[in-house]
Amino acid sequence: GSATLSWNANTESDLAGYRIYYGSSPRVDKCPPGGYPKKVEIGKADTPDKPSYTLKELKNGQTYYFSITSYDTSGNESCFSDEMNKAIAK
């Protein structure tokens, strides 16, 4: 299965990219690592005004929880976005 995530763009001039954190249970903290077992570093989005990313190879029948962070050119990372979840259809 797959899940497509979209979010509001970070408008800071020193934006270097985004990270998507996810797992099969809700996070345990407001900032990374926060309890998510997996992360994907996606850099800057192809469509900077409407960033999105599709996670693939998710297990069917499983619910996943997602949060996004942004990071700047100095390596500073934000805390998590609001948490989203999606049940992947069987």
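Predicted model: local features only at pLDDT ≥ 70, side-chain atom pairs only at ≥ 80, totals over all residues.
I started at Ser-70: skipping neighbours within four places in sequence, I find it in contact (heavy atoms within 4.5 Å) with Asn-10, Leu-15, Gly-17, Tyr-18, Asn-76, Glu-77 and Ser-78. Numbering runs from 1 along each chain as its sequence is written, and side-chain values use heavy atoms, with hydrogens and water left out.

I looked up burial next: Ser-70 is buried at 13% relative accessible area (buried is under 20%, exposed over 50%, partly exposed in between, with a 1.4 Å probe and protein chains only). Its side chain makes a polar contact with the side chain of Asn-10 at 2.9 Å (a pair of N or O atoms within 3.5 Å, one able to donate a hydrogen and the other to accept it; residues adjacent in sequence count only if both atoms are side-chain atoms).

Ser-70 sits in strand E5 (strands are DSSP runs of at least two residues, numbered from the N terminus). There it is the bridge partner of Tyr-18. I count 8 bridges joining E2 to E5 (63-72), antiparallel; pairing takes at least two DSSP bridges.

I then traced the open sheet of 4 strands: E3-E2-E5-E6, antiparallel. E3 and E6 (84-87) are at the edges with a single partner strand each, so one side of each has no neighbour in the sheet.

Last stop, Pro-32: I find it in the loop between E2 (15-23) and E3 (38-43). Pro-32 is partly exposed at 25%. Beyond four places in sequence, Pro-32 is in contact with Tyr-21, Thr-69, Glu-77, Ser-78, Cys-79 and Phe-80.
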